[in-house]
Amino acid sequence: MTRLQTLVLMLLLALNLPVQAQTLTDAEHAYLATHTPTLCVDPVWEPYEVINAEGRHEGIAADLHALLRQRLGLTVKLFPSKTWDDSLAASKDGRCQLLSFINQTPARDQWLIFTDVLFTDSNVLITREQFPLITDLSSLRGKTIALPKGTAMHERIKAAYPNLRVIDTVTEEEALGMVSNKQADMSLRGLIVAAYTIKKEGWFNLKINSALAGYENRLRIGVLKSEPMLRDILNKGIATLTEQDHAKIVDQHVKIRMVTDVQIDYTLAKWLTALLFTIVLTSLYWLKHLRMLNRRLQLALAEVTNSEAEQRQFISMLSHEVRSPLAVIDSTAQLLTVTLDDDQAAHPLVARMRRGVARLSNFFDNCLTQDRVDSKNFSLHATHIDVAELANWAIENAELLSEQHHFALELEPDLPPLHGDQTLLRVLLTNLLSNAVKYAPPNTLVTLRFNRRFDSLQIQVTDQGPGIAADELSLIFLRYRRGRNAERLPGAGLGLSVVKRIVDMHRGSVSVVNTPGAGATFTVDLPFVGPASSKMQ
């Protein structure tokens, strides 16, 4: 077996991408300590953001900003605007240093610089249910489109499609209301906003007609040109946001359950079904060969060990290439769940797709972590970590690992902060929980415990699986070593070796106690004070 074949087999044997924690410079810390920028928002843009009756910022954008500020230690002052035009005017004359949720356009480049993308949402054409499918917007003549004035889509559509008559509105509701009441033929809105508003207002005579390619909402934070350091600080916070962070926030604001006779265009659903069918066929083909290739893999491990540097370079390159396609597949699967809400038979297929994406992401997570920690120049990004927050993150994300197991969290109250690398510790918890659900039978309990033991934090993961044979206990933390119970299970033998490496870097210990046939308990002890230096020797 060639090195490339071995690497591809490892890829198929184990199907998350680590959040790259970024530290602030001394100058950036000083900036945050001496500056309180003013934030302008769109006060009437549900569910993205609103200013409520008590003057508070709420919505998807508000929650994302709150998460960024928490991670960066940033304090802002909310500007009490009444309309989006008020916010734009305040930004242009310098009363606001930040615009919260905004597309980048040439007109806005005149006075703003922009962060990396904070949130992405597809823009879709909304029409009445009788309106035919729109395949070419430029071919329509004499049609009207209602768009909120001052928005990026208003600016772009007016310039790109002179064949359409643009009707200016103030809010999203007004634009969609005009379509519902036959005062306009269509509107172009973000999918989340459109679905939320249609459900809220009961406009079930409207439908999502089609997506407009190239007109996605790539929402960023607009920053005055005079504040480039503030933009750079925000980018470091945005880099820590995970797909799970976005999904959790969106789910808190948008839960759509529509029952209507509106005709739905199933073009996207058919395309995704064909894609899923291809993935299933490919998986079946490889599963057929995996049993035969598994024995050969054991013989190839010696060669793999001698070419670790080459393998790590390949996996690192491959992970960066598939990062965007994986995000697209997962986002599309979530949108498909909304679109096919009434088609219960499709939900298990979509769920299976998302679990496949999660497994593939977890594999790359382990490969990249192994590569990072083996590097001579690797440094721990040690910070003070809220143990309760870390525990709740782990138990919430465990649901992506398996829908056939039950999870329980036992958390001792008032635990002190843990000094360590949050990204690596999340990888550690994901690997321990993934290992538990991999071997435990369906419908059994996996328990995650956090307790104080003298000056250390004790983390335990207990499953109800077959346990570990006594002659394998000394081998399970070695790289690429797998037990006899794992012969027919996916995995590359990296998870527990990565756990051991992360524990060692934090100057802790890891052990396992089990009763063969009745489950295993993995115990990790981490000193609260953490490593003496963030630089690994």
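**Close-up views of a predicted model**

**View 1. Helix 14 and helix 15 cross in a left-handed manner.** Left-handed means that the near helix is turned anticlockwise from the far one by less than a right angle. This is a predicted model, where local features need pLDDT of at least 70, side-chain atom pairs count only at pLDDT 80 or more, and totals for chains, interfaces and linings use all residues. Residues are numbered from 1 along each chain as its sequence is written, and side-chain values use heavy atoms, without hydrogens and water. Helix 14 (residues 422–439) and helix 15 (residues 495–505) pack at about 145°, axes 9 Å apart. Axes are lines fitted to C-alpha atoms over the stretch in contact; angles run from 0 to 180 degrees between N-to-C directions. Helices are DSSP runs (H or I, at least four residues), strands likewise (E, at least two), numbered from the N terminus.

**View 2. Phe522 sits in the largest nonpolar core.** This core has 42 residues. Such a core joins buried Ala, Val, Leu, Ile, Met, Phe, Trp, Tyr and Cys residues through side-chain atoms within 4.5 Å. Buried means under 20% relative accessible area, exposed over 50%, partly exposed in between (1.4 Å probe, protein chains only). Helix 14 gives the largest share, 9 residues. Beyond four places in sequence, Phe522 touches residues including Leu432, Ile459 and Leu496 (contact: heavy atoms within 4.5 Å).

**View 3. Leu67 lies in helix 3 (residues 60–72).** Leu67 counts as buried because its relative accessibility is 15%. Leaving aside neighbours within four places, Leu67 contacts Leu241, Asp245 and Ile249. Its C-alpha atom is 9.4 Å from that of Ile238, 171 residues apart along the chain.
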